[in-house]
Amino acid sequence: METSQNQPTWNQLLGSNNWEGLLEPLDLGLRELIIRCGDFCQATYDSFINDQNSRYCGACRFGMKFLLEKVMLIGASDYEVSAYLYATARVSLPEAFILHSMSRECWDRESNWIGYIAVTTDEVSSSRGRREIYVAWRGTTRNYEWVDVAGAELKSAKELLRPQQGTNNTGGSSSSGNSDDDDDVKVMLGWLTIYTSDDPRSPFSKTSARVQVLSNIKRLMEKYKGEKVSIAITGHSLGASLAVLSAFDIVENEVVPPDVIVSAVVFGCPGVGNEEFNKQVIQHSNLHILHVKNTIDLIPHYPGRIMGYVHTGTDLVIDTRKSPYLKDSKNPSDWHNLQGMLHVVAGWNGADGEFELKVKRSLALVNKSCDFLKAECMVPGSWWVEKNKGMMRKEDGEWVTESPAEEDLPVPPSY
């Protein structure tokens with residue numbers, strides 16, 4: 001595998017120079033960081049219960065303590081999950097965003113598990129000379145059905161902006177009664193709704209996902225005061241949009257001091273905001289956004305400039321057609337598949353270079369939730385499934401949905 005002669009600093013890997021000189025050719029350390037962030041994203045897909053027959057539909061399959069171990073994340077023991085994040089929506093959204101169980105005994109009728117926060121252990125932090133905090137946002141489990149129904153309306157993001165005198169912008173849901181002037185900072189209504197909605201009826205989302213992530217980052221910054229801290233926020237698809245919003249929010253509202261870099265490493269990110277939002281992002285020297293996108297993926301082009309959206313961040317454009325292991329798929333969901341992107345990142349050698357794996361990564365991971373690998377790779381499609389789809393046989397021979405172990409039952413956040 002590849003070795004690096006002049007290794008960039010950790011801050012450079014996080015984008016302190018906007019990844020200048022690290023993308024072409026793709027630096028080994030940055031390649032590994034991108035894959036690590038992608039694996040944190042994948043953990044949200046691998047553990048999310050999307051079967052609406054289950055009373056736990058919309059929850060995480062595993063408890064915090066063993067999440068990374070149970071999804072078989074490489075290097076799982078290097079990290080501890082510090083918090084789970086939950087979201088709701090104060091207006092009706094398509095089920096690609098918020099799933100609900102059909103059971104009358106469901107775990108929660110208003111909320112979905114939307115991500116988690118992981119932190120390097122004391123031992124690993126001491127070895128690396130820094131405390132790494134990762135926030136991973138879950139994307140949509142149904143890749144494309146939300147595109148036509150989510151609506152791409154731009155909405156004022158004033159509630160995310162630094163508070164003015166006599167105001168407090170780090171609260172829960174908003175009535176969104178702000179004026180929508182053309183020069184307002186605006187973001188997509190759907191993303192803003194999921195990020196800022198709360199529901200007092202739910203023990204899991206009494207406060208919004210926004211309040212949950214900001215309060216947990218504040219708590220961790222206080223806990224690790226005196227240490228060198230970095231924050232990487234990651235997500236794919238919908239999760240990528242939430243990653244960009246939350247990274248901006250953390251820096252804009254000075255949740256961390258200006259010497260702490262907040263980096264969003266996102267995959268297949270749809271449009272997030274308008275030109276004024278992009279200007280607001282750029283003015284923060286400690287906020288950096290790296291967008292890994294497949295050149296044939298349609299999602300990053302939605303919503304487009306014609307609807308008022310402007311691209312945000314630095315791009316690493318890859319092309320899944322370069323890999324000799326992948327089919328010449330005509331399925332847009334394959335073009336958007338996270339594991340397909342991570343496979344190509346592992347072997348990316350530039351648009352003009354030949355594909356060559358630079359880090360060790362199993363080919364089989366590509367087919368976790370799709371059938372993108374060529375037949376000669378001998379890997380079944382969509383192979384990551386719960387045993388018997390969560391069904392178990394009782395002593396009397398009756399098959400029923402298996403209840404989670406006590407350690408995996410959903411636990412409301414502490415408020």
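This report describes the chain, cores, aromatic pairs and pockets of one predicted protein model.

## Basis and overall make-up

The model is predicted: local features need pLDDT of at least 70, side-chain atom pairs count only at pLDDT 80 or more, and totals for chains, interfaces and linings use all residues. Residues are numbered from 1 along each chain as its sequence is written, and side-chain values use heavy atoms, with hydrogens and water left out.

The protein chain contains 10 helices and 11 strands. These elements are DSSP runs numbered from the N terminus, with helices (H or I) of at least four residues and strands (E) of at least two. Of its 415 residues, 57% count as buried; buried means under 20% relative accessible area, exposed over 50%, and partly exposed in between, with a 1.4 Å probe and protein chains only. Among contacts (heavy atoms within 4.5 Å) in the chain with a separation of 6 or more, 74% join residues 24 or more positions apart.

## Nonpolar cores

A nonpolar core is a set of buried Ala, Val, Leu, Ile, Met, Phe, Trp, Tyr and Cys residues joined through side-chain atoms within 4.5 Å. The largest such core has 64 residues, and those with the most contacts inside it are Leu-30, Ile-34, Leu-67, Tyr-116 and Phe-267. H2 gives the most to this core, with 10 residues. Apart from it lies another core, of 55 residues, including Leu-154, Val-244, Leu-245 and Val-255.

When neighbours within four places in sequence are left aside, Ile-34 is in contact with Leu-26, Val-265, Phe-267, Leu-290, Val-292, Leu-316, Leu-342 and Val-345.

Ala-240 is placed in helix H7 (residues 238–252) and is buried, with a relative accessible area of 0%. Not counting residues up to four places away in sequence, Ala-240 touches Gly-235, Val-266, Phe-267 and Cys-269. Ala-240 and Val-266 are 26 residues apart in sequence, while their C-alpha atoms are 5.0 Å apart in space.

Thr-314 is placed in strand E9 (residues 314–318). With a relative accessible area of 19%, Thr-314 is buried. Its contacts, again not counting residues up to four places away in sequence, are Asn-18, Trp-19, Leu-23, Ile-289, Leu-290 and His-291.

## Aromatic pairs

The structure holds 13 aromatic pairs. Rings of Phe, Tyr and Trp (its six-membered ring) pair if their centres lie within 6.5 Å; planes under 30 degrees apart count as stacked, over 60 as edge-to-face and the rest as tilted. Trp-107 and Phe-204 form an edge-to-face pair, at 4.8 Å centre to centre and 75 degrees between the planes. This pair links distant parts of the chain, 97 residues apart: Trp-107 is in the loop between E1 and strand E2 (112–120), and Phe-204 is in the loop between helix H5 (189–196) and H6. Trp-107 is buried at 12% relative accessible area, and Phe-204 is buried at 4%.

The rings of Trp-113 and Tyr-116 have centres 6.4 Å apart and planes at 5 degrees, so this pair is stacked. Trp-113 counts as buried at 0% relative accessibility, and Tyr-116 is buried at 1% relative accessible area. Both residues belong to one aromatic cluster, formed by Phe-40, Tyr-79, Tyr-84, Trp-113, Tyr-116 and Tyr-134.

## Pockets

On a 1 Å grid over the protein atoms alone, a pocket is an open set of points where a 1.4 Å probe fits, with protein on both sides within 12 Å along at least five of seven lines; lining residues have an atom within 4 Å of a point. Grid points are joined across faces, edges and corners, and a volume is the space filled by probe spheres set on the points. The largest pocket has a volume of about 1,100 Å³. Of the 44 residues that line this pocket, Tyr-45, Phe-48, Asn-50, Arg-61 and Trp-384 are the closest to its centre. Helix H2 (28–47), helix H9 (332–335), helix H10 (338–347) and strand E10 (391–393) each supply at least two lining residues, and H2 gives the most, with 3. The lining divides into 15 nonpolar, 18 polar and 11 charged residues, where Ala, Val, Leu, Ile, Met, Phe, Trp, Tyr, Cys and Pro count as nonpolar, Asp, Glu, Lys and Arg as charged, and the others, Gly among them, as polar.

The second largest pocket holds about 490 Å³ of space. It is lined by 27 residues, of which Ala-83, Tyr-84, Pro-412, Pro-413 and Ser-414 lie nearest its centre. Strand E1 (79–87) and helix H6 (209–223) each supply at least two of the lining residues, and H6 gives the most, with 5. This lining divides into 16 nonpolar, 7 polar and 4 charged residues.
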